[in-house]
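These are my notebook entries on one protein chain. I set down what I looked up, in the order in which I looked.

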Amino acid sequence: MKQINIKDVYAVGDCVMTKNIIDNKLNYMLLATIAAKNGKVLGNILAGKKDHFPGGIGTSIMQVFESEIARTGYTKEQAILNGFNVKEVVVNGTDHTNYVADAKPVTIKIIYDQKDKIIVGAQIFGYNKVSLRINSLIPIIWTKTKIGEIEYLDLPYSPPFAKSVDVLNVALTKINE
């Protein structure tokens with residue numbers, strides 16, 4: 001959100017660049033979630049309340065037929081272009097235990113900066129609402145939590161939904177190898 005050169009006239013949503021929380025650089029994040037938050041902040045300001053939009057990390061989710069794709073933060077290519085010294089971990093697994101019917105494949109990719117020891121992006125592909133695992137990574141990226149602190153992230157377990165050592169935990173462990 002930005003006040004333009006005319007008093008009390010603002011540009012918001014898809015009309016402005018958004019500060020990326022990961023590195024404080026301006027990016028185009030053409031997402032409804034960003035635009036809606038910009039609108040809320042602008043409404044508060046116009047109502048006389050102090051408010052500001054801190055930025056985002058570009059989280060999105062979509063469904064393609066029965067499959068799901070989710071992403072947050074930078075892709076590997078975007079991270080490199082923005083000056084990060086990145087590595088990536090890709091893990092394939094299943095969304096839940098194999099003794100419960102309909103276990104489906106899942107792939108998780110995590111992009112992390114080797115110097116700062118932080119995750120800068122992630123993508124998840126799968127079925128059965130597996131894409132919602134991205135929600136566990138958003139606050140880790142947002143707060144720049146060091147990767148050494150997240151290997152044993154306490155994720156929920158129940159055989160129809162996950163394994164006792166979730167595929168996301170496996171990916172986080174591989175970062176520390």
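**Entry 1: Asn169 and helix 4**

I began with Asn169, which is placed in helix 4. I worked from a predicted model, in which local features need pLDDT of at least 70 and side-chain atom pairs count only at pLDDT 80 or more, while totals for chains, interfaces and linings use all residues. Residues are numbered from 1 along each chain as its sequence is written, and side-chain values use heavy atoms, with hydrogens and water left out. Helices (H or I, at least four residues) and strands (E, at least two) are DSSP runs, numbered from the N terminus.

I looked up its contacts, a contact being heavy atoms within 4.5 Å. Setting aside residues up to four places away in sequence, Asn169 touches Glu151, Tyr152, Leu153 and Leu155.

**Entry 2: The nonpolar core**

A nonpolar core is a set of buried Ala, Val, Leu, Ile, Met, Phe, Trp, Tyr and Cys residues joined through side-chain atoms within 4.5 Å. The largest one here has 33 residues, and those with the most contacts inside it are Ile108, Ile110, Ile119, Val120, Leu137, Leu172 and Ile175. At least two residues of this core come from each of strand 7 (86–94), strand 8 (105–113), strand 9 (118–126), helix 3 (134–142) and helix 4 (167–175). In soluble globular proteins, nonpolar side chains tend to be buried together.

Apart from neighbours within four places in sequence, Leu172 is in contact with Ile110, Ile119, Leu137, Ile150, Glu151 and Leu153.

**Entry 3: The chain as a whole**

I counted four helices and nine strands in the chain. From the N terminus on, their order is β-β-β-β-α-β-β-α-β-β-β-α-α. The C-alpha trace spans about 65 × 35 × 25 Å along its principal axes. Of the 177 residues, 39% count as buried. Where contacting residues are at least 6 apart in sequence, 54% of the contacts join residues at least 24 apart.

I also noted a UniProt record, from an unreviewed entry, that places the feature "domain: Pyridine nucleotide-disulphide oxidoreductase dimerisation" at residues 64–163; such annotations may be inferred rather than shown by experiment. Over residues 64–163 the chain is 15% helix and 35% strand, with the end C-alpha atoms 25 Å apart.

**Entry 4: Loop residues**

Gly13 is in the loop between strand 2 (10–11) and strand 3 (18–19). Gly13 counts as buried because its relative accessibility is 5%. Beyond residues up to four places away in sequence, Gly13 touches Ala35 and Asn38. Gly13 and Lys37 are 24 residues apart in sequence, and their C-alpha atoms are 8.2 Å apart in space.

Asp102 lies in the loop between strand 7 and strand 8, and at 57% relative accessibility Asp102 counts as exposed.

Lys144 also has a positive phi, about 60 degrees, although Lys144 is not a glycine. I found Lys144 in the loop between helix 3 and helix 4. Lys144 counts as partly exposed, at 33% relative accessibility.

How values were computed
Buried means under 20% relative accessible area, exposed over 50%, partly exposed in between (1.4 Å probe, protein chains only).
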